Amino acid sequence: MKRDFPIIRTTPWSLGLVLLVLLLLVQTSTLPDRLDNWLFDAYLVNHPATPANDVVVVAIDEISLGHLGRWPWPRSIHAQLIDKLQAAGARTIVFDVLFPEPSPQDPILAGAMARHGNVVLPVHLAEPGPRQLLTEQLPAPQLLAQAARLGHAHVELDADGVARGIYLFNGLGDTQWPSLALAARGERPRHPSRDGLAPYTNVREQYRAVPLAGGAGSLPTVSYVQVLNQPPMPEWFQGKTVFVGATAAGFGDVLPTPFSGLRRPMSGVEFHANAYSALSQDRLIRPAPPWAPPLLYAACLAVLSLLLPRIRPSLAFPLCLGVGGLALALYLAALVLFQLWLPVANALLIPLFALPVSSGLRLAQTNRFLNRQLDELARTPQVTLPSPAHRHPWQLLEQIQALVPLTGWLLTDDTGVVSARVLGPADIEGLPLSPGRWLHQDNRSFIRLTRGHKTYTLGLILPDDLSREAVQQYLRRLRLEERQDPSLGSDTRENISARIERLKAATQRMERMQQFIRLSFERMPDGIIVTDELGVIRFANGHIEEWFHEPMPSLTGLPLARLLEGHDPRETPPWHETVSDTLTLHQSRTVDLRIRDKDFLIHFAPFRLPDTEQHGIIANISDISELREQQRQHREAIDFISHDVRSPLVSQLALIEQLKRDPANIEPDQLEQLGRLARRSYHLAEEFVQLARAEQLTETRFYECEFLAIVENARDSVSEQAIEKNIQLKLHGLEDLWLRGNPELLERAVINLLTNAVQYSPEGTTVNIQVYRAGHLACLTVSDEGMGIDPEELPYLFDRYQRQKRSELAGIHGTGLGLSFVKTVTEKHRGEISVTSVPGQGTSFTMKLPVADPMA
């Protein structure tokens with residue numbers, strides 16, 4: 001009975017839940033942030049920003065330190081720099097240099113700042129210490145009073161220690177200082193209301209990523225000492241914003257950037273100058289709104305969860321690649337067109353996880369299905385036969401006795417004789433017996449078997465005839481001892497290996513089943529045709545190919561009705577009607593079929609495959625030519641018995657009744673006639689019986705015999721009949737010709753030939769008998785000098801009950817069975833019989849039989 005197993009399928013919910021759990025687990029690591037930062041850095045490095053035309057960096061570099069001395073420099077030097085820059089036309093001067101402590105030279109610097117009127121000074125947010133809170137470090141009071149604006153110099157470092165952006169506003173409590181870049185653009189501090197906020201709380205707002213123009217030194221840079229020592233340079237500073245700060249190694253703040261990492265960090269003043277350059281071009285990159293990344297993740301998750309369970313596995317990789325590529329394209333579009341930094345790492349990780357997860361779920365589903373199907377296959381009946389290697393020797397002996405007529409046997413075990421007839425323990429003493437191997441001595445066969453912890457010895461006495469060798473060969477093929485397969489002893493511990501072995505075993509069972517079905521169809525005595533629901537041939541066995549003389553490739557795909565119409569066209573009923581009725585009415589049909597003078601019976605049977613709507617026809621074609629021939633022969637036999645046998649019997653009965661009415665006057669000619677009729681009846685019955693024996697002859701009744709001796713015996717049997725007609729029987733032949741056949745029937749066939757020759761020859765003539773060898777054939781030719789046979793009767797000479805009209809008219813009455821018997825015996829011996837005749841001159845019959853080597 002078929003079992004329906006519920007299959008747990010991969011659904012959008014199951015796939016989506018697994019992906020969501022994996023995504024949440026990944027959030028506990030730094031992988032998404034690292035991937036987002038790597039993508040951002042890769043974009044910046046490969047697409048550096050274009051520097052603004054109005055920004056210049058005045059660098060406090062190693063050359064300046066060498067000329068002006070150790071830091072800190074007198075503030076009068078910075079005043080000189082401001083005057084030089086003012087003279088060169090600088091629009092804004094931004095110092096990334098802290099001036100927190102008052103200095104005696106503050107008035108000089110404050111005066112220079114006042115003369116320029118647009119100098120921006122930094123505010124530093126001091127890091128908290130063990131006994132100190134976070135504090136703001138403002139410029140000295142005199143400098144603070146002359147500063148056009150203040151800006152914070154803090155640069156935000158990401159979790160990986162790389163500087164990628166700044167907060168546009170940063171401060172403590174209710175005062176938020178703009179960044180130096182924003183202050184250079186004219187922005188002033190903000191004072192939003194922060195009720196309940198502690199004055200030492202760091203408040204940061206409006207984070208922006210800075211698209212750098214490159215690594216350190218990418219912006220136009222002039223050495224500090226060069227500005228001081230040379231005349232004003234309006235070509236460098238006219239109308240521009242000048243950032244002044246330290247770039248010397250080991251001096252001032254240095255920042256790892258996407259361009260440099262820790263190998264060549266960028267100074268803080270250059271970073272602020274890059275921020276100003278991007279700000280002036282409106283190219284600062286804003287973080288995406290908080291709702292955008294989750295929406296993107298949810299969209300990727302939904303698309304993959306909905307589509308992956310529904311598409312073919314071969315499309316899973318292109319789909320995941322497409323979703324990841326679309327997310328990456330959206331990321332680049334937001335970055336390039338809208339200056340939005342959209343975290344996309346999770347949107348890329350979802351397709352990365354989805355492909356193996358969906359494949360794993362599919363494999364798990366397939367695995368469950370295969371396991372259940374394998375279990376189902378294991379429960380189905382197998383086309384296997386129980387091995388005799390597991391049967392008890394006593395059972396083997398009984399089954400061999402039922403198969404072969406044994407004349408004796410012996411079965412012993414470790415304790416003694418179990419069963420015996422004719423054979424005894426003395427017959428097996430000293431025999432070199434091996435377990436599972438037969439030892440044959442003439443017609444005796446012995447074998448040693450092991451069952452459990454016991455050892456058995458089985459001896460058989462086979463019939464001493466022609467079948468003995470075949471039986472011994474059959475016994476050799478029997479596997480009576482179990483043969484261990486080394487592969488069966490291996491311990492398969494891996495689950496996948498065990499499953500592969502189960503699948504291999506199931507596949508082998510299916511292959512054996514298919515081979516069994518195929519061989520069964522091929523070895524059936526009937527022809528088999530299987531069609532589909534349109535009557536088109538889909539399978540045919542070898543008999544169909546042989547009988548219809550159609551090659552197998554042309555049979556497949558050919559309509560059955562067209563095949564039958566091409567070989568046995570008929571009008572009532574036409575073949576297409578029979579095939580159509582079988583398919584439409586689902587009724588069996590049986591029709592006669594004739595192909596190349598052979599009679600067949602074709603049976604159309606409709607079928608329907610289980611659990612499907614597919615149906616078709618199985619056509620079974622049986623060769624009934626022999627049956628029809630037997631029916632014809634049966635009718636001829638009935639006619640023969642009713643006429644040829646019945647006529648002399650009726651004559652005998654009439655003559656007997658006549659003698660009974662007048663027993664006193666019995667004439668000798670009446671007794672002679674009665675005897676003649678009795679002998680005719682006997683000859684008719686004898687030839688009829690001999691013909692039946694010949695037709696039932698098989699090669700199991702053949703053995704070695706010498707052909708010349710058979711012919712000599714036949715000649716001696718006919719010699720008396722020849723003497724009565726003064727006919728000489730001359731035998732020519734001296735060579736012994738050995739045949740494998742039945743000498744009794746062969747002798748009877750030669751007698752029939754000689755009897756016909758004597759019977760149809762005139763008195764005083766000669767019948768020549770020649771025995772000779774022609775190649776691998778033993779030949780016999782019987783020639784007479786009789787009346788001959790008419791040419792029109794020669795083709796039917798060997799048919800049953802066929803008699804010559806000329807001999808019947810001449811008063812020679814035969815049975816019509818003699819030559820039919822000769823032909824049957826000759827064909828049973830795989831030979832041939834032929835005749836040549838010239839009317840008025842005589843007839844010659846030639847029998848040819850294959851010779852056999854008597855030493856073989």
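## A first look at the chain and its cavity

Lining the largest cavity are Lys-84, Leu-85, Ala-88, Val-227, Gln-230, Pro-231, Pro-232, Met-233 and Phe-237. On a 1 Å grid over the protein atoms alone, a cavity is a set of points where a 1.4 Å probe fits but cannot get out, and lining residues have an atom within 4 Å of a point. This is a predicted model, in which local features need pLDDT of at least 70 and side-chain atom pairs count only at pLDDT 80 or more, while totals for chains, interfaces and linings use all residues. Residues are numbered from 1 along each chain as its sequence is written, and side-chain values use heavy atoms, leaving out hydrogens and water.

The largest cavity holds about 30 Å³ of space, where a volume is the space filled by probe spheres set on the points, and grid points are joined across faces, edges and corners. One cavity of 30 Å³ or more is counted. Its lining has seven nonpolar residues, one polar and one charged; here Ala, Val, Leu, Ile, Met, Phe, Trp, Tyr, Cys and Pro count as nonpolar, Asp, Glu, Lys and Arg as charged, and the others, Gly among them, as polar.

Now for the whole chain. There are 26 helices and 32 strands, taken as DSSP runs numbered from the N terminus (helices: H or I, at least four residues; strands: E, at least two). Of the 856 residues, 43% are buried, meaning under 20% relative accessible area, with exposed over 50% and partly exposed in between (1.4 Å probe, protein chains only).

How confident is the predictor? The pLDDT, its confidence in each residue from 0 to 100, averages 83 over the chain, and 85% of the residues score at least 70. The table shows the elements with the lowest and highest mean values.

| Element | Residues | Mean pLDDT |
|---|---|---|
| helix α25 (lowest) | 805-809 | 48 |
| strand β2 (highest) | 92-95 | 94 |

Residues 1-8 have pLDDT below 50, and this stretch makes 14 contacts beyond near neighbours in sequence, a contact being heavy atoms within 4.5 Å. Where pLDDT is low, the predicted coordinates should not be read in detail.

Finally, meet two residues. Gln-472 sits in helix α15 (residues 468-477) and is buried, at 8% relative accessible area. Leaving aside residues up to four places away in sequence, Gln-472 touches His-440, Asp-442, Asn-443, Arg-444, Ser-445 and Leu-462. Val-303, in helix α11 (residues 292-307), counts as partly exposed because its relative accessibility is 37%.

Technical notes
1 Å grid on protein atoms, 1.4 Å probe; cavity = no way out; pocket = protein on both sides within 12 Å on 5 of 7 lines; lining within 4 Å. pLDDT = per-residue confidence, 0-100.
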